[in-house]
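The model comes first, and the text follows.

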Amino acid sequence: MTPKLAVQKFLERHNYIKVVPRAALIDMDGTLYDSMPSHARAWQQMMAELGVDVPREQFFMYEGRTGASQIKLLFEKYFGVEPTEQQCADLYRRKTELFAEMPPVEVMPGAAEMLTFLKEIGVKCVLVTGSGQRTLLDRLQRDFPGIFTPDTIVSSRDVRHGKPHAEPYLKGLEVAGFRADEAIVIENAPLGVEAGHRAGIFTIGVNTGPIDPAALADAGADLVYDSMTDFAEMLPLVVYSLLTTMNNFN
């Protein structure tokens, strides 16, 4: 699907006149950083310590949930019980330790170019992540100088409901100070895409992991790209399509 056709369909579905992208609400893990393989290994090792062998690919589908939400889901699936709040806290702390022990993750190829373009055209960038770990949050200013500030970060500590609930991206809109028809969402995970879709925001899925790209479209992505590099190259056309496409209400 071309960007123009995707925008037309989005406008008709939401009954918007047009989308003027003044804010970009951007996921972190798997979008700005190639961190999901390490997160998946850390989750897998944490569960192995509890005696359960969980396929690594499963954690890519869970991406976007808060730590506590993911632990509750795992406990219900593999143990048939709901963990206590203390268990959630202890296990998430252990998972965080395991992640921190792994080699530093790299910036996702294409991410810096994407952010630079958005900054150059005056789009406000807001980070919307299901993570609360400082490992990568503390690197943002060094890796992407001048893009994010403490006031433009929404993490798991700022919401009651994680992705796929709309709350993280609704909070992102609040932080940005714009409406849903004045923003775009950039995500790599089905749950995050679903959250952006539920919030009524034009949502772009970028497939940076071992999942079927159809999963992003099925979750509600208005456009899907095969890599962050591909998306960064196409971003000027996406923005142009947003700015020049209007709903004629026919």
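Which residue forms a salt bridge with glutamate 49? The partner is arginine 94, with the closest N and O atoms 2.7 Å apart. A salt bridge is counted where a side-chain nitrogen of Lys or Arg lies within 4 Å of a carboxyl oxygen of Asp or Glu. Glutamate 49 belongs to helix 2 (residues 36-49) and arginine 94 to helix 5 (residues 85-100), so the contact ties together parts 45 residues apart in sequence. Helices (H or I, at least four residues) and strands (E, at least two) are DSSP runs numbered from the N terminus.

The model is predicted: local features need pLDDT of at least 70 and side-chain atom pairs pLDDT 80 or more, while totals for chains, interfaces and linings use all residues. Residues are numbered from 1 along each chain as its sequence is written, and side-chain values use heavy atoms, without hydrogens and water.

By the salt-bridge rule the count is 15. Three of these pairs are listed here.

| Glutamate 49 | Arginine 94 | 2.7 Å |

Because glutamate 187 lies in strand 4 (residues 183-187) and lysine 163 in the loop between strand 3 (153-154) and helix 9 (167-176), the pair ties together parts 24 residues apart in sequence. Both glutamate 187 and lysine 163 are buried; buried means under 20% relative accessible area, exposed over 50%, and partly exposed in between (1.4 Å probe, protein chains only). Glutamate 49 is partly exposed at 43%, as is arginine 94 at 26%.

Glutamate 182 is buried, at 10% relative accessibility. A network of salt bridges links Arg22, Arg179, Asp181 and Glu182.
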